[in-house]
Amino acid sequence: MAGLTGWFGGKNNMSDWIYSYIPKDIDTYIEPFSGSFPIFFNEDFSTVKNIVYNDANKLQVNFMLCCKEYDKMLSKIDEYFKPGGFFHCDKVDVVDIKKHYRDLYTHIKNPKENDFYDNLDFAMPNFDKAVVYAFMITSAFNACHARGAGFSGFSKDKLKITTLVNKLNKVDYRKKLDSLTHILNIDFEDCIKQFDSDRTYIYLDPPYMYTDGVGTHNQDYGSHDTFGEAGHARLRDILHNTKAKWSLSYYYFKELEDWYPRDKYNWVSKEFFRSSASFSESKNTKGVELLIMNY
């Protein structure tokens, strides 16, 4: 299995490696930076009592809440594609159909034409927001933030949102969604403090501060980075004082040596292919993934 959608910088291709380090005698599994939640969807957490999804991205959290009500979400998607629906297209030629959805994607992400990404004053779950978001994230190149990503919404002449529809109809995905006990949109520190215990495991995949190991800042492609160095420092301070066991994913940067000294924390690493946010870069770019653990 994979997550319900792609996610730029997601951990689908390394979930088994990360999972191999997670203790199996835990009551609660949390990810304060859940994103598409690939570790959970890919691996076996059937014996864990509490599964906690949390993310700062309200649109993503709303999407997960709506997908948990999968029958209602599927009905809403169907409604949007029917005649008169927001996504309905009456074109016949494939080229025209693709242009229709490319233009729609461009319209939704343009802040001068649409406030979809800026108007976050809505109560959750909001199924209308969730369906539009589902179209946008499945249509964005490499599942990057749409504001900075080109349209890549088709696979073999089918809209990629149909993959989500197929997943929501599958028993295995429904069982996974049913097992989610908490879906939250709170600060990562509040999330950690709320569930911290000696029977809790925390997997952390925060926005990466550097990518080249010496000081070049990493940007969440096309999004506004609000985490920043202060967020990384705050995360470091709270992790030094948790009861829970945790593992932390990063690319190497020099401050990590002081923040999580190797004589106190367990460092492991592995080389992986990683996705590129650029059409021009090689799709076979390799990176060394670090996993830092407090046990």
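Phe81 counts as partly exposed because its relative accessibility is 24%. Partly exposed means between the two cut-offs: buried is under 20% relative accessible area and exposed is over 50%, with a 1.4 Å probe and protein chains only. Phe87 sits at 0% and so counts as buried. Tyr80 is buried, as is Phe87.

This is a predicted model, in which local features need pLDDT of at least 70, side-chain atom pairs count only at pLDDT 80 or more, and totals for chains, interfaces and linings use all residues. Residues are numbered from 1 along each chain as its sequence is written, and side-chain values use heavy atoms, with hydrogens and water left out.

**Aromatic pairs**

The structure holds 34 aromatic pairs. Rings of Phe, Tyr and Trp (its six-membered ring) pair if their centres lie within 6.5 Å; planes under 30 degrees apart are stacked, over 60 edge-to-face, and the rest tilted.

| Pair | Centre to centre | Angle between planes | Class |
|---|---|---|---|
| Tyr80 and Phe87 | 5.5 Å | 55 degrees | tilted |
| Phe81 and Phe87 | 5.2 Å | 45 degrees | tilted |

One aromatic cluster takes in Tyr80, Phe81, Phe86 and Phe87, together with Tyr101, Tyr105, Phe135, Phe151 and Phe154.

**Overall build**

The protein has 11 helices and nine strands. Helices (H or I, at least four residues) and strands (E, at least two) are DSSP runs, numbered from the N terminus. Of its 295 residues, 48% count as buried. Contact means heavy atoms within 4.5 Å. Among contacts between residues at least 6 apart in sequence, 69% join residues at least 24 apart.

**The second largest pocket**

The second largest pocket has about 280 Å³ of space. On a 1 Å grid over the protein atoms alone, a pocket is an open set of points where a 1.4 Å probe fits, with protein on both sides within 12 Å along at least five of seven lines; lining residues have an atom within 4 Å of a point. Grid points are joined across faces, edges and corners, and the volume is the space filled by probe spheres set on the points.

Which residues lie closest to the centre of this pocket? Of the 17 lining residues, they are Thr5, Gly6, Thr138, Ala143 and Lys160. Helices α6 (127–139) and α7 (161–168) each supply at least two lining residues. The largest share, three residues, comes from α7.

Gly6 lies in the segment before α1 (15–19). Gly6 is partly exposed, with a relative accessible area of 35%. Not counting residues up to four places away in sequence, Gly6 touches Ser36, Ile137 and Ala143. Gly6 and Phe37 are 31 residues apart in sequence and 9.9 Å apart in space, C-alpha to C-alpha.

**His232**

His232 is in helix α10 (residues 228–239). His232 is buried, with a relative accessible area of 2%. Leaving out residues up to four places away in sequence, His232 touches Pro207, Tyr208, Met209, Phe227, Tyr250 and Trp259.

**Confidence**

The protein averages a pLDDT of 90, and 89% of the residues score at least 70. pLDDT is the predictor's confidence in each residue, from 0 to 100. Over residues 211–224 the pLDDT is below 50; this stretch has 29 contacts in the model beyond near neighbours in sequence. Residues 277–282 also have pLDDT below 50, with nine contacts beyond near neighbours in sequence. Where pLDDT is low, the predicted coordinates should not be read in detail.
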